[in-house]
Amino acid sequence: MRLTRKQAALWLLFAGPIAVFSVWAVVDNAPLYFKTLLNGLTLASLYFLVASGFTLVFGLMRNVNLAHGSLYLLGAYVGWIVGENTGSWLLAVAAGFLSAAVVGLLLQVTIFRFMEGQDLRQTLVTIGISIVLADLMLWGFGGEIYTFDPPKWIYGSTELPLVEKFPTYRLFVLLAAIVIGIGLWSFLAKTRVGMMIRAGVDDKKMLAASGVNVQLVFAVTFAIGAGLAGLAGVVGGTALSISPGEDTRYLLASLVVVIVGGMGSVVGASIGALLIGLAEQFGLAYAPTYSVVFTFVIMFVALAFRPRGIMGKAG
Amino acid sequence: MNSAATAAAPGSLARTAGLREAGAESRTVAAPGPAPLWSERIGIRPRHLVVLAAALLYPFIASPFFTYQIGAQSLALGLIALSLTFLGGYGGMVSLAQMTVAGFAGYGVAIFGTSSFAAISLGWPWWLACAVSVLLATVFAAAVGWLSVRTEGIYTIMITLAVGVAFFYLAQQNYTVFNGFQGFSKIGAPELFGIDWKEPVPFYFVALGCALAGYFLVKHLVRAPFGIALQGIRDNPRRMESLGYHVTAHRVAAYAVAGLLAAVGGVLMVWYNGRISPGTINLAQMIAILIVAVLGGMRHPIGAFVGAIVYVLLQNFAIDLFVRERFNLVIGGVFLAIVLFSPDGLLGLWAIVRSRLLQPELSNQKRRQL
């Protein structure tokens, strides 16, 4: 692929300063740079897990689910209860996925199904639901901070070249996100249901006309999207912690990720998550006061050049 | 249905209803025949006078608590919500960043004017600080608008949400300009003409004056060519574009107007609270503005104030009636119920009730048509 002069100029404009910074940072303090890089990748993995469900639901149903962050927190809390009672972290992950998926499914079947095509009303309803859910969870679990105990085989730290020691669990998160990402991609690209979902994203009416039960496809997608948020709740809660307010944080993260990456595209979500996760961690390490501003600048630049996001389709 | 925009853009059913209202009002203005009374010509009806009289007499009847905590707060909150009503109801752009714009102006007052934190506050005279902050906040709102009108519909809500939360985090993390988590305190309305405008009754009248000015500005704008064109753009941007209207410019201008309203509301808010901190502009507060606007109903500018009164009353008294500290559950539940069952808010409920009481046959007919 040959670059046009304009593309080359754009690359130079954005990649140039980053390359200069990287060279300076590596020369200045290599372990810090690579550790930040790995931390950024870990955070990007978490963001990808949350945002991929969000973008999937939006792409198919045009439903901006602002209760997505609440599903994250719900999955985390339910996972914590299960983990505490059974002592198994893997069961906690499964419980996080299932509980959020069931709640998502219920929301789709009992509420959103009846307001199809009313984008704004759906969004307002999700806002209402997120307020109610957040307060119910605050009621039930209080303001305390909960933490998970990951199993021994991913606990502790690993010796890596360049960064010295790095928590094994974070490497596991990175790996898990890559596996889930590839799994999601092959589910969408190779399976029959995935094909239906993609067809629905492109043209809902045509899919219905060709004899597919669109409501079923919607329900499945919503359950998967919500479930991914719940799963991310347990995985992310183990990497960091769970407390009230995390729902807002991850909602904002998924919003920015999908705005930057392009709505409805899983590949876009991964690109957006990488950009935002890395920007946030490098911001925290090198310019703590302005780390949020970096995120915002990325969003601004993405919108100015590609109003529908990096992988977004026009129209 | 005599307005240009209605003729040009039939639009969706729900939206034309909003237009119909504006159209009906402009009909009274342009009605041919014998010269109407001056009061009719500018659209004043008996009910307007009743509300105005009640608003003017209220502080002399009510206790200072009701004047200040309920009355003045509702007016300030209503003014910020009014900016969203204008933007959402007439422009079709639901922005979550209105509280951010208000907070921007509030921070401006604290930074340019005087506050407890003298190291940052520049100590300008209050009128200069207010004017500059309102101006800057309006420019900020226009910039947010320019950013979000590049995309459409449901994207607006997400981008404005992201902008608002980003500003919140900036204010919370930055100590050199925004004084971080602590924010600023000891900010208040000035003393002027021998009156301390911080006192409940004088402050109530300041808030009432601003709210009335905002209300009539919106009432005027939605009947002016700009407002009609804006409603046309809301209903069918493509058609308006082919008619030669500059869609983006109209939308950005709507953001600027809404920004002006929100900024004035923000100055009132910071004077009311006496302090501003990131907590004033966090996500819950941003959403509160949306709740207020939707609760009242976005079809008519008065809805913002109705919503604000209900919200403030709930905030002050609902927690005593129900479980303590469960205000969010109550307000979230009320909001959810309104959105699910009466999308036009309390005004919509009132319209349904009134049409059933006054004209049962007519409303039956309407229902059959629908």
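Reply: First, some terms: axes are lines fitted to C-alpha atoms, for helices over the stretch in contact, and angles run from 0 to 180 degrees between N-to-C directions. Helices (H or I, at least four residues) and strands (E, at least two) are DSSP runs, numbered from the N terminus. Keep in mind that this is a predicted model, where local features need pLDDT of at least 70 and side-chain atom pairs count only at pLDDT 80 or more, while totals for chains, interfaces and linings use all residues. Residues are numbered from 1 along each chain as its sequence is written, and chains are lettered from A and ligands numbered from 1 in the order in which they are written.

Now the pair itself. In chain A, helix H2 (residues 68–86) and helix H4 (residues 119–141) have axes that come within 9 Å and cross at roughly 25°. That is why H2(A) counts as roughly parallel to H4(A) (angles under 35 degrees are roughly parallel, over 145 roughly antiparallel, 65 to 115 roughly perpendicular, the rest oblique). On the H2(A) side, the contact (C-beta atoms, placed from the backbone, within 7 Å) is made by A:Gly69, A:Ser70, A:Leu73, A:Leu74 and A:Tyr77. H4(A) brings A:Ser130, A:Leu133, A:Ala134, A:Met137 and A:Phe141.

H4(A) also turns up where the chains meet. That contact takes 32 residues from chain A and 31 residues from chain B. On the side of chain A that touches chain B, H4(A) gives the most, with 15 residues.

Methods: Two residues are in contact if their C-beta atoms, placed from the backbone, lie within 7 Å.
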